[in-house]
Amino acid sequence: MDDSLQVAPLVMPFEPFVLPTSESPLVSVIIPIHGKLAYTLACLSSIQRHPPRAPFEVIVVDDASPDDSAETLARVGGVRLLHNETNLGFVGSCNAGAAIARGEYLLFLNNDTQVMSNWLDGLLDCFVEKTDCGIAGSRLVYPDGRLQEAGGLIFADGSGWTVGRFEQRDAPSWRYRREVDYVSGASLMIRRDVFERVRGFDIRYTPAYYEDADLAFAIRHMGLRVYFEPASTVVHFEGISAGTDLQAGMKRHQVPNQAKFLEKWATVLRNQPPAGTPLPRALRWRRKGRILVVDSMTPDPTRDSGSLRLCAILKLLDAQGWDVCFLPDDGRATDNEIRSLGALGTEVLSRPWVSELPHWLIEHGRDLHAVILCRHTVAGQYASLVRKHAPKSRLLFDTVDLHFLREQRAAELSGSATMAHQAKSSRKSEVALIEQCDVTFVVSPHEQALLAAELPHARVEVLSNIHEVHGCHRPFAERRDLVFIGGFGHPPNADAIRWIATDILPALRARLPDIRIHVLGDIPDSARSELATPGLALHGRVPDLAPWLEGALASLAPLRFGAGVKGKINMAMSYGVPVIATPLAVEGMQLRDGQDVLVAQDAPAFVESVVRLSSSESLWNELSMQGLENVRNHFSAAAADATLHRALD
C-alpha cells in the first residue's frame, strides 16, 4: 500500500466512534452495503479522519446484509442506517438512500472506498465553479497508489473504458478538471433535485452495472455536463463489492446491461467515438481542438497582473471548448500550481513529465489547432519551431505588453544610451515576430494603433486585462490609507516605490501626518532598508488583496515608464477603489481625469490629489462608481472572450 494515501488496515478491533455529521446537511453521503463489514467500517473511519468543511450527513443503506453489519453500524454515531427488507441491489439501494436524503447534493460512495482530504469539498467546488455541472466524480486510485480511474469513455457500441488505469496518479495529464462521458458510481456527486428529475438510477439496470453511465447520459440530455474532478481523491478497493469475473456474481450483469444501455441510447451513441478510436483522440472527442499556451513561467495570480490575465485566458479557452495545455519555459510548476491550473481545465506540461518544448512539439505538434506564445522572449525562441512541427496550427503571439515600448520609455527617463540601443533591438525583434505570426494580441487600443501605423498588414487584436467586478462594499467614511500594488521585481514598480519613498510620501505626510501607504508585493530584503521611511509599510506579497482594497481610501499608480494596461489600476477599480495615477499609467485604459481617475504628473500633484480626495466624499463616490463601470465596459471576461473567438474560430 502507498503510505502517502493514509489507507487504514482492514483488520482492526472495532471501537465505537462518531462522525461529525449535521442535522442540516448540504451534502448527503449515501453508502449502499451488502456485507463486507470491515470495508464499511474502514470507509466510515476515513470520513471521520477527513471530515469535510461542508455540513454533511451519512446514510448507510443496508441491503439485507448476510453478516452482522447492521448491529455493528448501529454503534457508529452520526450515521443514518436504512434497512432494506429484501435485497434491492446497488441501484435500488442508492435510490432508497436518495429518497430519505436531506442534503441539496447527493454523494454516492461505495463501501469499499476510503476517502482522502478534500474528497467531498473538491466535488462541491466543481459545482460552484462550473455552473453547467450535472455530475462530478472523484479521482479513484488503487491502495498501492496507482491511478484507477480518471473518468470514463463510452464508445458508439455502448462499450466503456475507464481512463488512466494503472497510470501514475499525480501525472499532470490526469490532474486537470475535464468533461467526461461518465464517472464511476464509486464516488459520484449530483444535485438532489436533478437526480429526482431524472427519476434516479434507472431500475432497468438492477441490480447494477451501466447505471452510472446511463445517469450521465440522462444528465447530458438535460443540457448539463459530467466532470472528472481530480481535486477529490478516493481510494477504491476495486472488485471487492462486485468481483471481477464477468460470468459470476454481480459482474455477470455487465454484458446484458450493456445491451439495455445500447438500446436506450442508440440515437445518442451515434455521436460517440467509434469502437477502436485511439485513446488520445477519444479523450478529446468533446473538445473543439487542442491549444498549447507557452509562457516564461507558470502563472501565479497572487504574484503579478500578467499571471492573473493569463489564468483568466486559460479559463475562457476551456469554457469555449478547447483542450488546453500550458508549458512553462523554465520547466517548473509546483504541486499547488498544477492543482490551480487543473481547476481551470488546463493540463500542465512541466518537468519531470515533459523535458522541453521542442521534444514535445515533435510528438504532439500535428495535433494542435493553435499555439499561443506569451512575451517576445518566448515567442522569439519557438515561433519557427512551431511553424516546423505544428504546421496546421494557428500561431498567436501574446505580447503581454510591448517590450520595446517599455524599454524605450525607461531609456528616456534614465537618459541611458545603452538602454536606448537595447530598446531599438527589442523593437526590431518584436516587429519581426508580429509579421511571422497569424494574430498578435496587445493589451490596449493605444498599442494596437501604434502597431497598425507600423505594420498595416498585420492582424493585431486587443486582448486586455480580464477582471471580475467585485464591487464596493464599504463607504467613504470607513476608508483610510493608500495602497500600491506591485512587486519590486518589475522595474517600473521598483522605480515607483522608490519615488513614493523619497518624494511623494514625505510631502504627503507634511499635509496628512497620519496617512500611510501599504505596498502589496514582493520586496527583497536588500531593498527594505533603502525604502525605509515613516508611513511606508512593506507587506510583501499577500494571499488576498480584497481585505486591503476594501478598506483603502485610494490606490496609487505613480509609474514613470512602462507599457501596456496596468493591472494594479484594474484591480483597484474592480473593488470600487479610486485611483491616482500618472498619465503614462492610464494610457490606453479609456480613463478620464476627474471622472474615472485622478491624473498626477509629479509628486506635488499626487499630494494635492490625495488631499482633495480625502476631503470630498462626493468625488470619492463618483470615482468609485465610474471606475467600476470602466472595468465592466473594457476589462471584462466577455470582451476577452469575443477576442479569443475571433482569433481562434
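Which residues have the most contacts inside the largest nonpolar core? The structure here is a predicted model, in which local features need pLDDT of at least 70 and side-chain atom pairs count only at pLDDT 80 or more, while totals for chains, interfaces and linings use all residues. Residues are numbered from 1 along each chain as its sequence is written, and side-chain values use heavy atoms, with hydrogens and water left out.

Back to the core. A nonpolar core is taken as a set of buried Ala, Val, Leu, Ile, Met, Phe, Trp, Tyr and Cys residues joined through side-chain atoms within 4.5 Å, and buried stands for under 20% relative accessible area, with exposed over 50% and partly exposed in between (1.4 Å probe, protein chains only). The largest such core has 63 residues, and Leu482, Leu531, Leu536, Leu549, Ile569 and Ile580 are those with the most contacts inside it. Helix 17, spanning residues 491–511, gives the most to this core, with nine residues. (Helices are DSSP runs of H or I, at least four residues long, numbered from the N terminus.) A second, separate core holds 52 residues, including Tyr39, Tyr182, Val198 and Tyr205.

Contact here means heavy atoms within 4.5 Å.

Helix 17 also packs against helix 21 (residues 603–614): their axes come within 9 Å and cross at roughly 45°. The axes are lines fitted to C-alpha atoms over the stretch in contact, with angles running from 0 to 180 degrees between N-to-C directions. That makes helix 17 oblique to helix 21, since angles under 35 degrees count as roughly parallel, over 145 as roughly antiparallel, 65 to 115 as roughly perpendicular and the rest as oblique. On the helix 17 side the contact involves Trp499, Asp503, Ile504, Ala507, Leu508 and Arg511, and on the helix 21 side Ala603, Phe606, Val607, Glu608, Val610 and Val611.

As for the cysteines, the structure holds zero disulfides (pairs of cysteine sulfur atoms within 2.5 Å). Cys133 is in no disulfide, and the nearest cysteine sulfur, that of Cys126, is 4.0 Å away. Cys133 is buried, at a relative accessible area of 4%. Cys374 is buried too, at 1% relative accessibility, and the sulfur of Cys374 is 11 Å from the closest cysteine sulfur, in Cys311, too far for a bond.

Terms used
Helices (H or I, at least four residues) and strands (E, at least two) are DSSP runs, numbered from the N terminus.
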